[in-house]
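Trainee: I am new to this structure. Please take me through one part of it closely.

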Amino acid sequence: MSSLRILRRHRVAALLGAALIVSPVAFSVVRANHAQAGTMTPVAGVTAPNGSFAPIVAADKPAVVTVTTIMKAQPASADDGAPLGNSPFDDYFRQFFGDKGMPAPRTPPQEPAQRAEALGSGFIVAADGTIVTNNHVVDGASSIKVTLDDGTELPATLVGRDAKNDLAVLKIKADKPLPTVKWGDSDRLMTGDQVLAIGNPFGIGTTVTAGIVSARGRDLHSGPFDDFIQIDAPINHGNSGGPLVDVSGNVVGINTAIYSPNGGSVGVGFAIPSDQAQKVVAKLMKDGSIQYGYLGVEIQPVTQDVASAIGLDHPGGALVSQVNDGSPAAKAGVETGDVITSFAGQDVKDPKDLSRAVADVAPGAKETLDVWRKGKAMNISVDVGLNGDDVKTASVTDGSGGPSAEQGSVPSIGLGLMDITPDVRQEMNLAANQHGALVASVNPDKPASASGIQPGDIIVAVNQAPVKTARQVTQAIAQAGKSGRKSVLLLVERDGGQIYVAVPFANG
């Protein structure tokens, strides 16, 4: 199985510094500009203006730097399983891909307290020495050094960094104005546009590779800002933080990650769009950090089955499956079952739209939510809070267990239900005020099973109406079927969280 690899190179200095290791540690991003070009002539399998990319490289390469960070090394032996690294995305990569396809680098035995170096790339955006790179390149560093294209080595200070966007800003002092690169407009990017990646792969020196934009808007499920550009220009460990430029030489992305079965480039790379990066960099240059907005709701997509169950004429928006106690959303009156269709004047087409819009709002701002609630549209005013935590995903139960005695059944969708008796409450360690119907069995050949309902789930609402007993659930589902709806919307409690599940009625 392939795996996402991070693009920072680690070097461990042992004795004369000859022991080198390459570790999957950084995450880089690219976003490109759609630029007008003149006559296009084939060059090395791709096309280039006037037959060569040399003028672009000559203009941009002097502004690309190597970033070396020094940190305290962790003792490790050659047979230890090497960690993925210090990237904020590592836990996600482990969860999504596991250990398959991610061979651990072979590391020679090391003594405690040895010095470790991590190598990445960056680029100068202001002549005063302001440099942009990835956050994971400098995360955990005790000192930072920048090597310019002419070989000059200078100490760098950290101006600010943002883990959620994986971006950082550094500053160096030079005795003369430094060469710079310009930001491009990544929103003009089109699939198929040519791009160049510039950086220092494996620490061998500044290197240029060419390719095209393979896809846009890739979501790696690592956070609310996922909007990666996929490219086929070869990038490897050490390219992280380096620029992706268009055929006009403007920066349209920041190289961050690769998808690879062996740790090397196979033509699937990912980059942060320049329009996204430029805004973050401006905030970091001004304040050194970024605060993100917070609502306090668990949300999920509105599928066609969900829309049919709640009377919407088309899918869209973000369905609120749970409102966190004491959160800004709870204080504003947002309810479970609401469908948020816009926030702060921005349309919400899916949960990702809402997450991004809320995160971009400054804490303390008063904004308006447009909500669809029980067949009616309404507006809600909310005071946006401060999000100091990482985005959390909904937890999923293993689906095992649950008492077997049935007190009700819904054969049309394949559910066996029972009331929450005192014995059930004690056996499942449920709260005293827990109501609903316990799913005791699920017919594997019926729609409920196909929709993801599991034994042990607790149904607490049917079509957004609360239910307290198995009989009420059975009656509500039957009524939904008689009303002519194609599906029924169940609010399910599972492993401490809540999620809506739309179950279509069986045909015939």
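Leaving aside neighbours within four places in sequence, which residues is Leu148 in contact with?

Mentor: Leaving aside those neighbours, Leu148 is in contact with Val65, Ile124, Leu154, Ile172 and Leu178. Contact here means heavy atoms within 4.5 Å.

A word on the model. It is predicted, so local features need pLDDT of at least 70 and side-chain atom pairs count only at pLDDT 80 or more, while totals for chains, interfaces and linings use all residues. Residues are numbered from 1 along each chain as its sequence is written, and side-chain values use heavy atoms, with hydrogens and water left out.

Now the setting. Leu148 belongs to the largest nonpolar core, which has 44 residues. A nonpolar core is a set of buried Ala, Val, Leu, Ile, Met, Phe, Trp, Tyr and Cys residues joined through side-chain atoms within 4.5 Å. Buried means under 20% relative accessible area, exposed over 50%, and partly exposed in between (1.4 Å probe, protein chains only). Val67, Val146, Leu148, Leu170 and Ile172 have the most contacts inside this core. Strand β10, residues 167-172, gives the most to it, with 5 residues. Strands (E, at least two residues) and helices (H or I, at least four) are DSSP runs, numbered from the N terminus. In soluble globular proteins, nonpolar side chains tend to be buried together.

Next, the residue after Leu148 in the numbering. Asp149 forms a salt bridge with Lys61, the closest N and O atoms being 2.8 Å apart. A salt bridge is a side-chain nitrogen of Lys or Arg within 4 Å of a carboxyl oxygen of Asp or Glu. This pair links distant parts of the chain, 88 residues apart: Lys61 is in the loop between α1 and β5, Asp149 in the loop between β8 and β9. Lys61 counts as partly exposed because its relative accessibility is 26%. Asp149, at 29%, also counts as partly exposed.

Back to β10. Lys171 forms a salt bridge with Asp128, with the closest N and O atoms 3.6 Å apart. Lys171 lies in β10 and Asp128 in the loop between β6 and β7, so the pair ties together parts 43 residues apart in sequence. Lys171 is partly exposed, at 29%. Asp128 is partly exposed too, at 45%.

Helix α4 also meets β10. The buried residues of α4 pack against β7, β9, β10, β15 and β16. Among those buried residues are Ala277, Val280, Val281 and Leu284. Just after α4, Gly288 takes a positive phi of about 85°.
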